[in-house]
Amino acid sequence: MEVKGAPGPHVIIGDFNSLRISDYTEEYVQKITSMREKNSWDPPMNKVVEKMDELGYVDAYRLALFQELNNRSNLNWSEDQVLYQQSLNDPKYYRDNDFATCWAGTRIDYIWLSHSLMNHVDRVEYKKIDSNASDHFPVTCKVFFKKDIK
């Protein structure tokens, strides 16, 4: 399934103001919730991330983490897809604020790869750039494609 108006392989990038709750330990989610309650803000939301997952998009950060923790230097998406999806709720992937992209210590900026792109992806490298130029940290994703892509 793809986003209407975006046929074929593509990437969606931006500030989604949404959390992937499985990026965090239960204790860290409670800390985020408490901070938001204290400031009379809405509780942490994850609806956008859930929708992107539902639509078949791949979170480039979590894909890079999946590759690192599973020693996958090259992806075989037909085999790795199920393992990647299972990894989204695996506690070994908790990173709390190690990869925060905003001042609040949470990751709300995402790079999403379309499902149709994944059969062509060999590997990804993802990084956060430490900068005080904004209240968000820039993120980059270098996508390496399989040699047989045309």
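The following legends describe close-up views of a predicted model.

View 1. Helix 1 comprises 13 residues, 26-38, and spans 18 Å from its first C-alpha to its last, close to the 18 Å expected at 1.5 Å a residue. Tyr 28, Val 29, Ile 32 and Thr 33 are the buried residues shown in this helix. They lie on the same side of helix 1, because the arc that they cover around the axis is only 140°. The other side of helix 1 carries the exposed residues Glu 26, Glu 27, Lys 31, Glu 37 and Lys 38. After helix 1 comes Ser 40, which has a positive phi, near 60°.

View 2. Asp 23 is classed as buried because its relative accessibility is 3%, where buried means under 20%. The side chain of Asp 23 forms a polar contact of 2.7 Å with the side chain of Arg 62. When residues up to four places away in sequence are not counted, Asp 23 touches Tyr 61, Arg 62, Tyr 93, Tyr 94, Arg 95, Asp 96 and Arg 107.

View 3. The strands are arranged in the order 1-3-2, with antiparallel pairing. Two bridges connect strand 2 with strand 3 (residues 109-113) in the antiparallel sense. Asp 59 is positioned opposite Trp 112 of strand 3.

**View 4. The largest nonpolar core.** This core contains 21 residues, and those with the most contacts inside it are Val 58, Leu 63, Tyr 84, Leu 113, Met 118 and Tyr 126. Two or more residues are contributed by each of helix 3 (60-69), helix 4 (77-87), strand 3, helix 5 (115-118) and strand 4 (121-128). The greatest contribution, six residues, comes from helix 3. With its neighbours within four places in sequence left aside, Met 118 contacts Val 58, Leu 63, Leu 75, Trp 77 and Leu 113.

View 5. A separate core of eight residues has Tyr 28, Val 29, Ile 32 and Ala 104 among its members. Tyr 28, Val 29 and Ile 32 are also among the buried residues of helix 1. In soluble globular proteins, nonpolar side chains tend to be buried together.

Conventions: Residues numbered from 1 in each chain as written. Predicted model: local features only at pLDDT ≥ 70, side-chain atom pairs only at ≥ 80, totals over all residues. Heavy atoms only, no water. Helix = DSSP H or I, 4+ residues; strand = E, 2+ residues; numbered from the N terminus. Expected span 1.5 Å × (residues − 1). Buried < 20%, exposed > 50% of the residue type's maximum accessible area, 1.4 Å probe, protein only. Arc of directions from axis to C-beta. Polar contact = N/O pair within 3.5 Å; in protein donor to acceptor, adjacent residues only side chain to side chain. Contact = heavy atoms within 4.5 Å. Pairing = 2+ DSSP bridges. Core = buried A, V, L, I, M, F, W, Y, C linked by side-chain atoms within 4.5 Å.
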